[in-house]
Amino acid sequence: MRTRSMHAFIALAGSLVLVAAACGGQAPAGGGGGAPAAKPFIPMISKGFQHQFWQAVKQGAEKAAVQYNVNITFEGPENESQVDKQMEMLQAAINKKPQALCFAALDSKAAIPLLQKAKDQNIPVIGFDSGVDSDIPLATAATDNIKAAAAAADKMASLIGMSGDVAIIAHDQTSRTGIDRVKGFTDQIKAKYQNIKIVATQYGGGDQLKSTDLAKAILQANPNLKGMFGANEGSAIGVLNGVKESGKTGKVVVIGYDSGQQQLDAIRSGAESGAITQDPIGIGFKCVEAAYKAIKGEKLDKNIDTGFKYYDKTNIDASDVAPLLYK
């Protein structure tokens with residue numbers, strides 16, 4: 001016959017089994033006790049999911065997670081105008097007390113108070129793709145967007161004959177990428193090409209439909225426009241659509257950013273002259289790698305330049321370009 005003390009022992013043993021099982025979760029809150037150490041947990045808060053660019057970044061991050069034996073999550077708002085939604089995701093990630101945090105800011109200033117909270121809790125922060133106006137991130141894995149956009153401006157100048165009117169459609173004027181790409185293109189034109197005038201700079205939130213409407217409005221207001229620069233994938237597709245719907249294909253030089261099937265097809269057909277490609281897989285990989293090194297206390301370079309290339313139909317299939325292009 002079981003005594004009351006035996007029943008108590010069995011209940012206690014069952015409770016311990018349940019506690020042990022619960023310790024196998026993905027988001028460990030920290031070490032302690034004599035239990036085996038769980039994998040470090042590194043949440044990644046992206047700018048969005050709506051473009052294949054972010055899926056390529058995620059692919060690189062997952063590759064690094066396997067190599068460095070860490071657990072990651074990857075999430076972002078539905079579109080790149082939802083700063084408040086991204087702040088909610090960032091707060092939730094910090095609440096999980098991760099060992100490190102990767103963050104791509106939609107707004108270069110809005111996230112600073114939350115990132116300060118992470119720093120106060122000794123959570124290393126690594127930026128990716130788009131940094132913040134703060135020294136809180138120990139490192140940022142990103143393209144040198146000012147330099148890349150300047151290269152796009154040089155290509156635009158050569159393709160339109162060093163004179164004429166051009167326009168820019170970018171994704172936003174709050175993220176570091178949006179700011180730097182417009183600045184890089186604009187400053188290069190102003191510094192080197194006095195006979196080229198930027199007649200409009202508009203922001204479509206990376207949304208293809210909104211960017212299409214903006215492109216059509218610019219073309220209607222500037223019938224002699226010679227070129228348009230789309231500063232991210234959604235912006236570039238909007239430019240292509242706007243040019244096509246305005247009957248200007250082949251008459252207006254289009255230079256884009258990133259890739260995706262529509263841009264690749266347009267470059268092969270000649271509708272788009274070329275684009276800047278980043279290395280999205282490299283951005284994701286380098287961010288998780290830096291986070292792992294930060295957890296280990298290793299020294300990091302403040303800026304991790306992941307590189308860029310200009311591509312057109314002459315080199316779209318080249319061995320140093322093709323692996324950087326996503327569909």
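**Arg176 and Asp133.** I looked up this pair first. The side chains of Arg176 and Asp133 form a salt bridge, 2.8 Å from N to O. I count a salt bridge when a side-chain nitrogen of Lys or Arg is within 4 Å of a carboxyl oxygen of Asp or Glu. Arg176 belongs to helix α6 (residues 176–192), and Asp133 sits in the loop between β4 (125–128) and β5 (139–142), so the pair ties together parts that are 43 residues apart in sequence. Helices (H or I, at least four residues) and strands (E, at least two) are DSSP runs, numbered from the N terminus.

The model is predicted: local features need pLDDT of at least 70, side-chain atom pairs count only at pLDDT 80 or more, and totals for chains, interfaces and linings use all residues. Residues are numbered from 1 along each chain as its sequence is written, and side-chain values use heavy atoms, with hydrogens and water left out.

Are the two partners buried or exposed? Arg176 is partly exposed, at 25% relative accessible area. Asp133 is partly exposed as well, at 34%. My cut-offs: buried is under 20% relative accessible area, exposed is over 50%, and partly exposed is in between (1.4 Å probe, protein chains only).

**Other salt bridges.** How many salt bridges does the whole structure hold? I find twelve. One of them joins the side chains of Lys183 and Asp187, at 2.7 Å from N to O. Both residues lie in helix α6, four residues apart, about one turn of the helix. I noted the general rule: an α-helix has 3.6 residues a turn, so residues three or four places apart point the same way. Lys183 is partly exposed, with 40% relative accessible area. Asp187 is partly exposed too, at 35%.

I then checked Asp320, which forms a salt bridge with Lys309; their closest N and O atoms are 3.6 Å apart. Lys309 lies in strand β12 (309–311) and Asp320 in the segment after β12, so the pair ties together parts eleven residues apart in sequence. Asp320 is partly exposed at 42%, and Lys309 is partly exposed at 30%. Shared partners also join Lys109, Asp133, Arg176 and Asp180 into one network of salt bridges.

**Helix α6.** I checked its length. Its 17 residues should span 24 Å at 1.5 Å a residue, and the end C-alpha atoms are 24 Å apart, which agrees. The expected span is 1.5 Å times one less than the number of residues. Buried residues of α6 include Val182, Phe185 and Ile189. What covers the buried residues of α6? The cover includes α5 (145–159), β6 (164–170), β7 (196–203), β8 (227–230) and β9 (253–257).

**Leu219.** I found Leu219 in helix α7 (residues 208–221). Leu219 is buried, at 4% relative accessible area. Beyond residues up to four places away in sequence, its contacts include Leu225, Met228, Val243 and Val252. Contact means heavy atoms within 4.5 Å.

**Nonpolar cores.** Which members of the largest core touch the most other members? They are Met44, Val70, Ile72, Cys102, Ile126 and Phe128, out of 31 residues. β1 (41–45), α2 (52–68), β2 (71–75), β4, β5 and α10 (280–295) each supply at least two residues of this core. Another core, of 22 residues, lies apart from it and has Met156, Ala157, Val166 and Phe229 among its members. A nonpolar core is a set of buried Ala, Val, Leu, Ile, Met, Phe, Trp, Tyr and Cys residues joined through side-chain atoms within 4.5 Å.
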